[in-house]
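Try each task before you read its solution.

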Amino acid sequence: MASLLTINPATHQQEISDFASTQWYHDHMMDLTGQNVYMGLAGFYLLTDELEKGLIDGGTLPDDSFNIPLVFQDRVFDQNAQLVFNPGQDEFNGWLGDVFVVNGKAQPYFNVQRRKYRFRMLNGSNARWYELQLSSGQFLQIGNDSWLLPFAIPRTSIRLALAERADVIIDFRNAPNEVFLNNILEQKEGATPEGVTKPGTPLLKFIVSGSPVSNDASVVSGTTLRPHTPIRPEEIVQTRRFVFAQDHHWVINDREFDPRRNDATPKSNTAERWIFKNDGGDWSHPIHPHLEAHQIQKINGRAPPVYNSFKKDTTPLGPDDEAEVFIKFRTFTGRYVFHCHNLEHEDHAMMAAFEVVP
Ligand SMILES: [Cu+2]
């Protein structure tokens with residue numbers, strides 16, 4: 001699992017702006033991560049600190065009875081309902097399933113009351129991206145990847161690259177009796193998703209019943225959540241550029257992963273600018289550095305959308321995209337990795353090691 005602890009070395013306290021909410025963990029065995037995650041070695045790791053507990057106890061966010069993790073995955077089953085995994089058949093572009101499962105169930109439904117629910121939505125697939133949309137109503141996003149946002153942001157649809165998370169509120173108070181959570185993103189090849197298609201494929205059916213509740217959570221668009229501390233440009237001491245490309249296998253700066261080699265050696269307690277460049281028009285790569293959050297500054301020279309402007313632990317690169325992120329190494333020294341979170345790309349061998357040095 002990517003360690004995302006952020007202890008202030010001066011005070012040995014976790015910074016309130018950094019405390020994580022929605023994490024997940026999975027097997028990370030070199031070359032075999034894809035198979036092991038596909039077979040089930042993955043789970044949620046949800047945390048609550050005093051700030052978040054205050055938002056729940058104060059009635060801003062739904063309490064634990066209405067706080068539901070949802071992991072979206074795609075699978076192939078054989079005639080005996082056993083999982084099929086054969087990513088070599090399309091040269092490790094990424095293994096796609098033809099059956100969608102949510103929390104391991106195909107064609108699931110979920111009974112809800114007419115009130116607000118909190119859902120931790122995770123793309124736990126090996127290679128399939130999702131764009132999630134409701135058949136009625138919209139999302140109110142309160143968290144991105146591991147962290148609560150500074151304020152709640154309405155979204156009509158939410159794209160999730162591999163390993164990305166969206167912490168959202170869905171308000172069923174005025175919903176019809178059935179609401180579908182649809183995936184509107186087309187993807188035929190493991191290497192990259194294609195365009196949006198409406199109405200898409202239903203992943204989950206909500207069956208809504210009862211009258212609207214009166215004591216509902218108060219969160220609305222713009223509600224203040226967790227403060228954000230930006231990494232400032234004057235803190236940057238180093239710029240590194242990483243190019244993600246295909247050369248027989250999947251490579252970073254022309255090299256396959258070698259666990260004996262350090263591809264970067266940032267200094268502890270410094271901040272760096274990392275450029276992630278996708279050198280290809282036919283594939284996509286969600287880039288996931290371990291150890292620390294990063295903050296997207298620019299995508300293709302422009303400011304990112306507001307919901308991606310704070311902390312991230314995975315930054316999606318579409319075809320030919322270039323992302324500029326700031327990352328600050330505040331905590332531990334030692335060796336960590338970053339990699340594409342398409343698990344077939346990671347296993348073959350789009351991963352690099354960095355060592356945080358004193
Ligand atoms: Cu990739």
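Before the first task, a word on labels: helices (H or I, at least four residues) and strands (E, at least two) are DSSP runs, numbered from the N terminus. This is a predicted model, so a pLDDT of at least 70 is needed for local features and 80 or more for side-chain atom pairs, while totals for chains, interfaces and linings use all residues. Residues count from 1 along each chain as its sequence is written, and side-chain values use heavy atoms, with hydrogens and water left out.

**Exercise 1. Find where Ser284 sits, and decide whether it is buried or exposed.**

Step 1: look in the loop between E19 and E20, where you'll find Ser284.
Step 2: check the relative accessible area (buried is under 20%, exposed over 50%, partly exposed in between, with a 1.4 Å probe and protein chains only). Ser284 comes out at 2%, so it is buried.
Step 3: Ser284 and Ile68 are 216 residues apart in sequence, and their C-alpha atoms are 29 Å apart in space.

**Exercise 2. Work out which residues coordinate the copper ion.**

Step 1: list the donors, meaning N, O and S atoms within 2.8 Å of the metal (3.2 Å for Na, K and Ca); water is not among the atoms, so sites may look incomplete. His285 (ND1), Cys340 (SG) and His345 (ND1) coordinate the copper ion at 2.0 Å.
Step 2: write the spacing of these donor residues, which is H-x54-C-x4-H.
Step 3: His285 belongs to strand E20 (residues 285–289) and Cys340 to strand E25 (residues 334–340), so-called distant parts of the chain, 55 residues apart.

**Exercise 3. Describe the aromatic pair of Phe242 and Trp274.**

Step 1: set the rule. Rings of Phe, Tyr and Trp (its six-membered ring) pair if their centres lie within 6.5 Å; planes under 30 degrees apart are stacked, over 60 edge-to-face, and the rest tilted. By that rule the structure holds 26 aromatic pairs.
Step 2: apply it. Phe242 and Trp274 are edge-to-face, at 5.1 Å centre to centre with 65 degrees between the planes.
Step 3: ask what the pair joins. Phe242 is in strand E17 (residues 236–247) and Trp274 in strand E19 (residues 270–278), so the pair ties together parts 32 residues apart in sequence.
Step 4: check burial. Phe242 counts as buried because its relative accessibility is 3%, and Trp274 does so at 0%.
Step 5: widen the view. Ring pairs link both into a cluster that includes Phe244, Phe276 and Tyr336.

**Exercise 4. Characterise the largest pocket.**

Step 1: know the term. On a 1 Å grid over the protein atoms alone, a pocket is an open set of points with protein on both sides within 12 Å along at least five of seven lines, and lining residues have an atom within 4 Å of a point.
Step 2: get the volume, the space filled by probe spheres set on points joined across faces, edges and corners. The largest pocket has about 430 Å³.
Step 3: name the lining. There are 25 residues, and Trp129, Arg159, Tyr307, Asn308 and Pro316 lie nearest the centre.
Step 4: trace the strands. Among those supplying at least two lining residues each are E11 (139–144) and E14 (165–171).

Methods:
1 Å grid on protein atoms, 1.4 Å probe; cavity = no way out; pocket = protein on both sides within 12 Å on 5 of 7 lines; lining within 4 Å.
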